[in-house]
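Work through the exercises below with the structure open. Try each task before you read its solution.

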Amino acid sequence: MTQSLALRLVCLASVSGLACSTADPGLTAGVSATDSDSGLTSLTTGDDSPTTQAQPTGDTNPTDGGTMSAGETMGTTGVTTDAPDTTGVDTTGTPVTSSTGEDTTGDDTTSTTTGDDTTTGTTTGDDTTTTDGTTGDVDPNCQAPATQPPCDEAGDDIFKAIGLNCSDDKSMAIPISNPVINAPDTASYRVISRFGSAMDPMDPAQFNWRPHEGSRMLAITTGRFPALQGDGGLVEPNNGDSEGNNNPDNMANLPGVMHWNKGSNNGQGGTPFMNCDGVNDCSDSLDPQWNIAPFNVANDVFYMSFDLETPLGTHGYLFDFAYFSEEWPNYVNDSFNDMLVVWSTSETFTGNVTFINDQPLTVTALDPYMMYQPGDPLLAGTGFPGDGEGAGTGWFTAKGSAAPGENFTIAISIFDMSDTVWDTTGLIDKFRWDCEGCIPSEVMSCGIEPQ
C-alpha cells in the first residue's frame, strides 16, 4: 500500500533570543521515589499492562490542574533567529507549529494544543484540532476526545505520564493495548515532575523543564538516572551524565519494529515520505545517521511500544519532545551519534516521525539546533556540565498521520551509538489525537520537503 506521513514541528523561543529552546515551565508535584538498579524486560501479554514494569514509586501531591481549554491558549509572535528555517517562534516559550517546506493556507498552521501549548488555529476542547491549514477541512466525523484529562498523578506509569491509557473511555482518553517496556535497567527511565533545577525566566515561580500536560512527563536516557527528588523532580549533578546502563548492547539493528533501512520508493529510497514499503523507514532519514561510520551498533538501548486504535474521523496525532546530549559538540560527524527515534507503523506512513527542521534526532543531524549550550543556566541540574560539552534543543511538537479506525504501533527508543558513555536524554509528553492530520504529497509537504 502506498504510504506517507506528515509531521509539523513546534519550536520554542529561547529567552536569550535563540531559535529552538525550551518551552513552558514545568510543574512540581509531591513524589518521593527510590532508585532501582535493575529490572526485567517487559513482554506483551495481549492486555493493557506490560508483564513487568519496574518503576520508581512514591506518594503523589500534584500541583497542576491539567490541560487548559482552548479559550485559555496564548498568542504567538514571530522571531527571526540564526537557526535555519525556524519560523513562528513564540517568545513566551510555548510550542508553535512551524512549517519549513510549504506555504499553507486556511485557518493557519497549528495543529492542536492547549494549556502550555499555543495554537494559532481553531481547537475543539483542549487537545483536538479542528484545522491546521494544511488540507483545508476537518473531517466532520472526527471522534477524537474533545477533552482529555491527565491521569499521571500516580507518578509511576510511563504510559500515563505521556497522556495515554487513562481509561477505556475513548471519548475522554487514549486507551492502548500491547504495552511493551524493554529496558532491564529501570534507572534508564523516570516519570518526573521536572528536569533539572533551573527556573523559567518568563515565570520564575515555575521550573523551566516541566510537563506539558498533567503533573508528570517521561524522561529516558542512554545512561542511568539518580533517584528522584522529594517533589518528583529529576536533578543530575554535573558530570552525572557519562555512564552506561544495563540495557541491551551491541545491537546491529534498531530494536523492535524499527529499521534504519530506507523505506521510500517501495524500499528503494530516494523519495522520502512517498511510496512507503510498509516495513522500513519511509523518511529515509535514519540510514545516513546509522551508517555515519562502518559497523555501528546500538548500546544502552531503551525501547518501549504500544498499539493504538485511531478514532473514526481522526487523521493524525501529536506529541511533544526535547533532546539533550553530552556527545555535542565533540562527536558531531563521528560514530558516537546517539539517537532518539519515535516510530509509527500506520498504513499512512511507516518510519521515523521525529524531526527538527527535517533533521532526525541525532547528535550530528541536530548540530545547528542545539540551542541550550554548555554553560547555559537553564541546563542547571540536568547533568550537562559547563565544561564545553553537552547541549539541548528545547521542546518541539511532532505531527504524524494515521488512518481513521486503523490499529497501529508507536515505538520509542533512545540509545548510544558505538560507545556506552556520554549520555543522551529525551523528554516525551502530551500525546494527543489530531482530527486534521496531514498527508504529504508532491504538492504538499506538510513541512517536510522530499529530497
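**Exercise 1. Decide whether Ser 305 is buried or exposed, and find where Ser 305 lies.**

Solution. 
- Step 1. Take the relative accessible area of Ser 305, which is 7% in this predicted model.
- Step 2. Compare that with the cut-off: buried means under 20%. Ser 305 is therefore buried.
- Step 3. Ser 305 belongs to strand 14, which covers residues 298-309.
- Step 4. List the contacts of Ser 305, leaving aside neighbours within four places in sequence. Phe 159, Asn 178, Pro 179 and Val 180 are among them.

**Exercise 2. Describe the protein as a whole: how many helices and strands does it have, and what share of its residues is buried?**

Solution. 
- Step 1. Count the elements. There are two helices and 22 strands.
- Step 2. Turn to burial. Of the 451 residues in the protein, 60% are buried.
- Step 3. Look at the contacts between residues at least 6 apart in sequence. Of these, 77% join residues at least 24 apart.
- Step 4. The accessible surface comes to about 14,600 Å². Carbon and sulfur atoms account for 48% of that surface.

**Exercise 3. Find which cysteine is joined to Cys 142, and say which parts the link ties together.**

Solution. 
- Step 1. Recall the bond type. A disulfide is a covalent bond between the sulfur atoms of two cysteines.
- Step 2. Count the disulfides. The structure holds three.
- Step 3. Find the partner. Cys 142 is joined to Cys 435, with 2.0 Å from S to S.
- Step 4. Read the handedness. The link of Cys 142 and Cys 435 has -75° about the S-S bond and is left-handed.
- Step 5. Cys 142 sits in the loop between strand 6 (128-129) and strand 7 (177-182), and Cys 435 in the segment after strand 22 (424-434), so the pair ties together parts 293 residues apart in sequence.
- Step 6. Check one end for burial. Cys 435 has 5% relative accessibility, so Cys 435 counts as buried.

**Exercise 4. Take the disulfide of Cys 151 and Cys 166: how many residues apart in sequence are the parts that the pair ties together?**

Solution. 
- Step 1. Take the distance. Cys 151 and Cys 166 are joined with 1.9 Å from S to S.
- Step 2. Locate the ends. Cys 151 and Cys 166 each lie in the loop between strand 6 and strand 7, so the parts tied together are 15 residues apart in sequence.
- Step 3. Take the torsion about the S-S bond of Cys 151 and Cys 166. It is about -80°, so this disulfide is left-handed.
- Step 4. Sort the ends by accessibility. Cys 151, at 17%, counts as buried. Cys 166, at 24%, counts as partly exposed.

**Exercise 5. Work out the handedness of the disulfide of Cys 276 and Cys 282, and say whether Cys 282 is buried or exposed.**

Solution. 
- Step 1. Take the distance. Cys 276 and Cys 282 are joined with 2.1 Å from S to S.
- Step 2. Take the torsion about their S-S bond. It is about -85°, so the disulfide is left-handed.
- Step 3. Check each end. Cys 276 has 2% relative accessibility and counts as buried. Cys 282 has 0% and counts as buried.

**Exercise 6. Find which residue meets Lys 170 in a salt bridge, then go on to the pairs of Arg 194 and Asp 200.**

Solution. 
- Step 1. Start from the general idea. Side chains of opposite charge can pair when their charged atoms come close.
- Step 2. Count the pairs. The structure holds six salt bridges.
- Step 3. Take Lys 170. Its side chain meets that of Glu 309 at 2.8 Å, N to O. Lys 170 lies in the loop between strand 6 and strand 7 and Glu 309 in strand 14, so parts 139 residues apart in sequence are tied together.
- Step 4. Check the exposure of this pair. Lys 170 is partly exposed at 43% relative accessible area. Glu 309 is partly exposed at 38%.
- Step 5. Take Arg 194. Its partner is Asp 231, and their closest N and O atoms are 2.9 Å apart. Arg 194 is buried, with a relative accessible area of 7%.
- Step 6. Take Asp 200. Its partner is Arg 210, with the closest N and O atoms 3.7 Å apart. Asp 200 lies in strand 10 (residues 199-200) and Arg 210 in the loop between strand 11 (203-207) and strand 12, so the pair ties together parts 10 residues apart in sequence.
- Step 7. Check burial at both ends. Asp 200 is buried at 5%. Arg 210 is buried at 6%.

Methods
Residues numbered from 1 in each chain as written. Predicted model: local features only at pLDDT ≥ 70, side-chain atom pairs only at ≥ 80, totals over all residues. Heavy atoms only, no water. Helix = DSSP H or I, 4+ residues; strand = E, 2+ residues; numbered from the N terminus. Buried < 20%, exposed > 50% of the residue type's maximum accessible area, 1.4 Å probe, protein only. Contact = heavy atoms within 4.5 Å. Areas by Shrake-Rupley, 256 points an atom, 1.4 Å probe, with all protein chains shown as cover. Disulfide = S-S within 2.5 Å. Salt bridge = Lys/Arg side-chain N within 4 Å of Asp/Glu carboxyl O.
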